[in-house]
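Please look through the sequence and the structure below before reading on.

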Amino acid sequence: MRRIILGCVILASMTWAKNVPAANDALYQKECASCHFGYQPALLNASGWQKVMGNLQDHFGTDASLSQKEHDAILTYVTQNAGNSKLTQGNTTMRISQSPYFIKEHRRIPERLIDQPEVKSLSQCAACHTKAEQGDYSERTIVIPNYGRWE
């Protein structure tokens, strides 16, 4: 019986690490996900989101300025739903792709699969994770363009 319970706990923790709540806030979708992939708040810790939102005039080379009201509402949404797990541990930057967990999960992918026009960079989650918008990053949903399923 203990083995069954332990197995269920391990399986649940592995599944959670690959699945995060979808980014379903309407204002966040309108202002952020209309320009780029709508990263789920759980993929970054609160400190990272504060850094992202702290200089929207230079948002990765683009001016993504918002009204103060919109800024405050989105900042509240992302920080209240920020990650606090192994997904975000050790990430002191505002880049999801620089978190130790992210790097570990993508370390075996050859550059030629990332550099291709259909993917461009690891920041383009939905290029390979077919259910990324729903927060499902499990291996069963990965299809790399010009390669196929990742197994």
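Is C35 buried or exposed? C35 is exposed, with a relative accessible area of 69%, where buried means under 20% relative accessible area, exposed over 50% and partly exposed in between, found with a 1.4 Å probe on protein chains only. This is a predicted model, in which local features need pLDDT of at least 70 and side-chain atom pairs count only at pLDDT 80 or more, while totals for chains, interfaces and linings use all residues. Residues are numbered from 1 along each chain as its sequence is written, and side-chain values use heavy atoms, with hydrogens and water left out.

**Confidence and overall layout**

- The mean pLDDT of the protein chain is 87, and 89% of its residues reach 70 or more; pLDDT is the predictor's confidence in each residue, from 0 to 100.
- Among the elements of the protein chain, helix α1 (residues 2-18) has the lowest mean pLDDT, 41, whereas α4 has the highest, 98.
- Over residues 1-17 the pLDDT is below 50, and this stretch has five contacts in the model beyond near neighbours in sequence, a contact being heavy atoms within 4.5 Å.
- The protein chain holds six helices and two strands, which follow the pattern α-α-α-α-α-α-β-β along the sequence; helices (H or I, at least four residues) and strands (E, at least two) are DSSP runs, numbered from the N terminus.
- Of the 151 residues in the protein chain, 35% are buried.
- Among contacts in the protein chain between residues at least 6 apart in sequence, 57% join residues at least 24 apart.

**Cysteines**

- A disulfide is a pair of cysteine sulfur atoms within 2.5 Å, and by this rule the count comes to zero disulfides.
- C32 is in no disulfide, and the nearest cysteine sulfur to its own, that of C35, is 8.2 Å away.
- C32 counts as buried because its relative accessibility is 13%.

- In helix α3, which covers residues 46-54, the residues G48, W49, V52 and M53 are buried.
- Seen down the axis of α3, its buried residues fall within an arc of 130°, so they line one face of the helix; the arc is that of the directions from the helix axis to the C-beta atoms.
- The cover over the buried residues of α3 includes α2 (26-31) and α4 (68-80).
- A64 is found in the loop between α3 and α4, and A64 counts as partly exposed because its relative accessibility is 25%.
- A64 touches L56 and H59, not counting residues up to four places away in sequence.
- A64 and C32 are 32 residues apart in sequence and 8.5 Å apart in space, C-alpha to C-alpha.

**Nonpolar cores**

- In soluble globular proteins, nonpolar side chains tend to be buried together.
- A nonpolar core is a set of buried Ala, Val, Leu, Ile, Met, Phe, Trp, Tyr and Cys residues joined through side-chain atoms within 4.5 Å, and of the 23 residues in the largest one here, Y28, Y39, W49, V78 and Y137 touch the most other members.
- The helices α3, α4 and α5 (100-106) each supply at least two residues of this core.
- Apart from this core lies another, of eight residues, among them I109, I114, V119 and C128.
- Not counting residues up to four places away in sequence, the residues that Y137 touches include K18, F37, L43 and C125.

**Aromatic pairs**

- Rings of Phe, Tyr and Trp (its six-membered ring) pair if their centres lie within 6.5 Å, and planes under 30 degrees apart count as stacked, over 60 as edge-to-face and the rest as tilted; by this rule the count comes to four aromatic pairs.
- The rings of Y28 and Y77 have their centres 5.6 Å apart and their planes at 50°, so the pair is tilted.
- Y28 lies in helix α2 and Y77 in helix α4, so this pair ties together parts that are 49 residues apart in sequence.
- Y28 counts as buried at 2% relative accessibility, and Y77 counts as buried at 11%.
- The rings of F37 and Y39 have their centres 5.2 Å apart and their planes at 80°, so this pair is edge-to-face.
- Y28, W49 and Y77 form one aromatic cluster.
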